[in-house]
Amino acid sequence: MPDSGLPVSGVPDAGSPDSDPADPDLRASDLAGSETRIQSAKLELAERADPLGDPSILAFLRRHEGQPVEVDASRLRLPNGPLVETLLVAARSWRARGIAFSITGLATGHVEQLRWLGLAAALGLDPGAEALPV
């Protein structure tokens, strides 16, 4: 029987021209368990995060549009209007598509201010509260 270049299973091996090349941007650790859960992309906000002055915030959100996102606000000193608006739009967009979007580490005082403004639930900071349309 002639050698077809296929292993006994009939599936091309990694060295075969018919196999897909490995993605150089993915590490094996990134793929572990990917069948059951998708790793959240993490955005760490600076002390004075401002999407108007820092295009990397919007770039991050665009780059991770189809996957769960966790925004780490533990270093944030003052959530300004443009940042809150950006996070509101992102939270609504992600949740409308059934994708997780969370904000962690926000100071209790900032959460209280956002709750007072009626924005905490829409940002996912007030579990169990009904998110009003914004």
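Which handedness does the β-α-β unit made by E1, helix H2 and E2 have? I looked this up first in a predicted model, where local features need pLDDT of at least 70, side-chain atom pairs count only at pLDDT 80 or more, and totals for chains, interfaces and linings use all residues. Residues are numbered from 1 along each chain as its sequence is written, and side-chain values use heavy atoms, with hydrogens and water left out.

**Strands and crossovers.** I found that E1, helix H2 (residues 55–63) and E2 form a right-handed unit, that is, clockwise from the first strand over the helix to the second with the strands pointing away from the viewer. Helices (H or I, at least four residues) and strands (E, at least two) are DSSP runs, numbered from the N terminus. E1 (residues 41–44) and E2 (residues 69–72) run parallel and are joined by four bridges, where pairing needs at least two bridges found by DSSP. I noted Asp72 in E2 as the bridge partner of Glu44.

**Salt bridges.** I searched the whole structure and noted four salt bridges, each a side-chain nitrogen of Lys or Arg within 4 Å of a carboxyl oxygen of Asp or Glu. One of them joins Asp72 to Lys42 (4.0 Å, N to O), and since Asp72 lies in strand E2 and Lys42 in strand E1, the pair ties together parts 30 residues apart in sequence. Asp72 is buried at 13% relative accessible area, whereas Lys42 is partly exposed at 44%; buried means under 20%, exposed over 50%, partly exposed in between (1.4 Å probe, protein chains only). I also recorded a network of salt bridges linking Glu112, Arg115 and Asp126.
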